[in-house]
Amino acid sequence: MKIPSFVYQYLINPRTVGALLPSSKYLSEKMLEEIDFEKADYIVEYGPGTGVFTRKILKRRKQKTIVVLIENNKKFYKLLKERFIQEKNLIIIHGSAEKIGKFVNDYQIPYVDYVISGLPFASLPQKVSTNILANTVKVLEEDGLFVTFQYTKIKISFLKHFFPNINIKKEIRNIPPAYVFNCMKSNGDGRFKI
């Protein structure tokens, strides 16, 4: 998708697209730093947009790892279907991440190792954000990881209601600069601290 098309999607859907430009390669790298691709059997991506993170996930995953993309924007959904038509073990769903529990049941996915999110929690309605995060906690493995990026730290206390153990990294080589939140649903091994 060309930059003008991405900008257009932002202008008509600012609450769900959340950014004027696709994420940089530097932000992509930082988003995937904590993923152990050798151990991951199931990876879910919320709001993949044009597939910036998706490309890197598919390149690094084990061949048998199942990747699920959940995209609510119909234009981006169609683009992803076209772009990744040849990929095996890839499920692309047009729908809301609020229904992650239903989607994993529909595809008989027993648990999720990692959820990578490009959703703009700062602009999503509170109820939608709550549903997404509450349902994410339910499908994640006990030592699973939820990774999201935001342009501010304004939602950190909200995220801590669902994920008590959060590590924050800043990526300035993105427009605009972004914060990456690596979130664990339990205190786990203590590797992450605010």
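Two strands pair if DSSP finds at least two bridges between them. With that in mind, welcome to this predicted model.

**The strands E2 and E3**

Strand E2 and strand E3 run in the parallel sense and are joined over five bridges. One place to look is Leu-69, whose bridge partner in E3 is Ile-92. Strand E3 is mostly covered, with four of its five residues buried.

| Strand | Residues |
|---|---|
| E2 | residues 66-71 |
| E3 | residues 90-94 |
| E7 | residues 178-184 |

**The helices H3 and H4**

Now turn to helix H3 (residues 25-32) and helix H4 (residues 52-60), which pack at an angle of about 50° with their axes 9 Å apart. H3 and H4 are therefore oblique to each other. The crossing in which H3 passes H4 is right-handed. On the H3 side, the contact is made by Lys-25, Leu-27, Ser-28, Glu-29, Met-31 and Leu-32. H4 contributes Val-52, Phe-53, Lys-56, Ile-57 and Arg-60. The residues of this contact between H3 and H4 comprise six nonpolar, one polar and four charged.

Met-31 and Tyr-179 are 148 residues apart in sequence, and their C-alpha atoms are 9.5 Å apart in space. Tyr-179 sits in strand E7. Its relative accessibility is 16%, and buried means under 20%, so Tyr-179 counts as buried. Leaving aside neighbours within four places in sequence, Tyr-179 is in contact with Thr-148, Phe-149, Gln-150, Tyr-151, Thr-152 and Lys-153, and also with Ile-168, Lys-169 and Lys-170.

Technical notes. Residues numbered from 1 in each chain as written. Predicted model: local features only at pLDDT ≥ 70, side-chain atom pairs only at ≥ 80, totals over all residues. Heavy atoms only, no water. Axes fitted to C-alpha atoms, helices over the stretch in contact; angles between N-to-C directions. Helix = DSSP H or I, 4+ residues; strand = E, 2+ residues; numbered from the N terminus. Parallel < 35°, antiparallel > 145°, perpendicular 65-115°, else oblique. Left-handed = near helix turned anticlockwise from the far one by under 90°. Contact = heavy atoms within 4.5 Å. Nonpolar A, V, L, I, M, F, W, Y, C, P; charged D, E, K, R; others polar. Buried < 20%, exposed > 50% of the residue type's maximum accessible area, 1.4 Å probe, protein only.
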